[in-house]
Amino acid sequence: MNEEYDLQFASDHIALSSKNLDVIYADGLTAVKKLSISFPRKAVTAIIGPSGCGKSTALRAFNRMNELIPGTTTRGEVLFHAKNIYSPSVDPVAVRRHIGMVFQKPNPFPKSIHENIAWAARIHGHKGNCDDIVESSLKGAALWDEVKDKLRNSALSLSGGQQQRLCIARALALKPEIILMDEPTSALDPISTASIENLITDLKKDFTIIIVTHNMQQAGRISDMTAFMLLGDLIEYTSTKKLFVHPEDERTERYITGRFG
C-alpha cells in the first residue's frame, strides 16, 4: 500500500471521475445515487460495501458496461480525459478499449492461450502478427514463464488463477489506461489470490486500477484509496490507511468492524 494519499488531487493526477452519477435498472431500482468521485492515476482504489450496495454497478458504469443490461438508464457524467464518456459522440467500444474490465470469474475464450490475446487485439483493429503483443501481455500479467511453451494449448486447460491472469493479459493487450476489476479473486484459492494481488501491485506502476472487493483485508493489503458504498450512496472515500484506522462516518466504522454487512 502506498503512503497516504491526499484527496485534493491535482487535475492532471486524476485518471477518471464521475459527477452526479445515477444508474437505474429496468425495475426502477436506483442502484447508484449521485455518485461523485475521482480516481488518482497509477494507484489502486478499492470500492467496498455489503452485497447490493451498488459497487459493481458503479464499476460497470465507468466503462459503459451497464448498457449491455436491457432497460438500464445512466444519468450524470463520467469524465475521462475531460470528456464525458456518455456523450452521444463517444463510441462505447472505444471507451472499453481504454478502460478495460476483468470480471469476477475467469472467462477465457474456448481458444488457445495465444488466440485469446491475439483475438482481443485483432477485434480492436490490430493488423499483422500478434506474437509480440501476446508475449508482452503475458509478461505483463506475470504468466509468460508458465505458458510460453504451450501457447497453442487450450486456455481452458489452465488453472483458475492462471485463467484469471490470462484474462488480465487479454485486457493488457488493448493497452488500456485504466483496468476495472470486479472481485477478481473471489473464485480463486488463497495461493492464486496472493498471486493476483501481487500482480495488481505491480500493474499500478503503469495503470490505474479500480477494484471492487468484498474482502476488506484485501482492500487493506493492496489499495491506496478506499471508497465505502451503502445502498447506492458513497458514504466515505479517503486513503485506505485512514478509512480503516480512523473512519469518519459511523456507518463505515460499523461495516469495517463487522457489525453489519
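**Entry 1: ground rules.** I count two strands as paired if DSSP finds at least two bridges between them. Helices (H or I, at least four residues) and strands (E, at least two) are DSSP runs, numbered from the N terminus. I am working with a predicted model, where local features need pLDDT of at least 70, side-chain atom pairs count only at pLDDT 80 or more, and totals for chains, interfaces and linings use all residues. Residues are numbered from 1 along each chain as its sequence is written, and side-chain values use heavy atoms, with hydrogens and water left out.

**Entry 2: strand 8 and its partners.** I looked up strand 3 (44-48) first. Strand 3 pairs with strand 8 in the parallel sense, over four bridges, and Ala-46 stands opposite Ile-211 of strand 8. Strand 7 (residues 178-182) also runs parallel to strand 8, joined to it by five bridges. There I found Leu-180 with Ile-210 as its bridge partner. From strand 7 the chain passes through helix 7 (residues 190-203) to strand 8, a right-handed β-α-β crossover. By right-handed I mean that, with the strands pointing away from the viewer, the path from the first strand over the helix to the second runs clockwise.

How many residues of strand 8 are buried? I found five of five in strand 8 (residues 208-212). My cut-offs are under 20% relative accessible area for buried, over 50% for exposed and partly exposed in between, with a 1.4 Å probe and protein chains only. In a regular strand the side chains alternate between the two faces of the sheet. Here Thr-208, Ile-210 and Val-212 point one way, while Ile-209 and Ile-211 point the other way.

Entry 3: Next I traced an open sheet of four strands, in the order 2-1-4-5, with antiparallel pairing. Its edge strands are strand 2 and strand 5 (83-84), each pairing on one side only. Strand 4 meets strand 5 through two antiparallel bridges, and Leu-79 stands opposite Asn-84 of strand 5.

**Entry 4: helix 3.** I checked helix 3 (residues 113-123) and noted its buried residues: Ile-113, His-114, Asn-116, Ile-117, Ala-118, Ala-120 and Ala-121. What do they pack against? I found helix 4 (131-140), helix 5 (144-147) and helix 6 (160-172). After helix 3 comes Gly-125, with a positive phi near 105°.

**Entry 5: the cores.** I call a set of buried Ala, Val, Leu, Ile, Met, Phe, Trp, Tyr and Cys residues a nonpolar core if they are joined through side-chain atoms within 4.5 Å. The largest has 44 residues, and Leu-138, Ile-168 and Met-181 have the most contacts inside it. Helix 6 gives the largest share of this core, five residues. I then listed what Ile-168 touches, counting heavy atoms within 4.5 Å as contact. Beyond its neighbours within four places in sequence, its contacts are Val-102, Ala-141, Met-181, Ile-196, Leu-199 and Leu-203. A second, separate core has 31 residues, including Val-32, Leu-35, Ile-47 and Met-65.

**Entry 6: positive phi.** Most residues other than glycine have a negative phi, and most peptide bonds are trans. Lys-42 counts as partly exposed because its relative accessibility is 46%. Arg-64 has a positive phi too, about 65°, and is found in the loop between helix 1 (55-61) and strand 4 (73-80). Is Arg-64 buried or exposed? Its relative accessibility is 9%, so Arg-64 counts as buried.

**Entry 7: rings.** I count rings of Phe, Tyr and Trp (its six-membered ring) as paired if their centres lie within 6.5 Å; planes under 30 degrees apart are stacked, over 60 edge-to-face and the rest tilted. The structure holds four such aromatic pairs. Ring pairs link Phe-39, Phe-62 and Tyr-237 into a cluster.

**Entry 8: cysteines.** I found zero disulfides, taking a disulfide as a pair of cysteine sulfur atoms within 2.5 Å.
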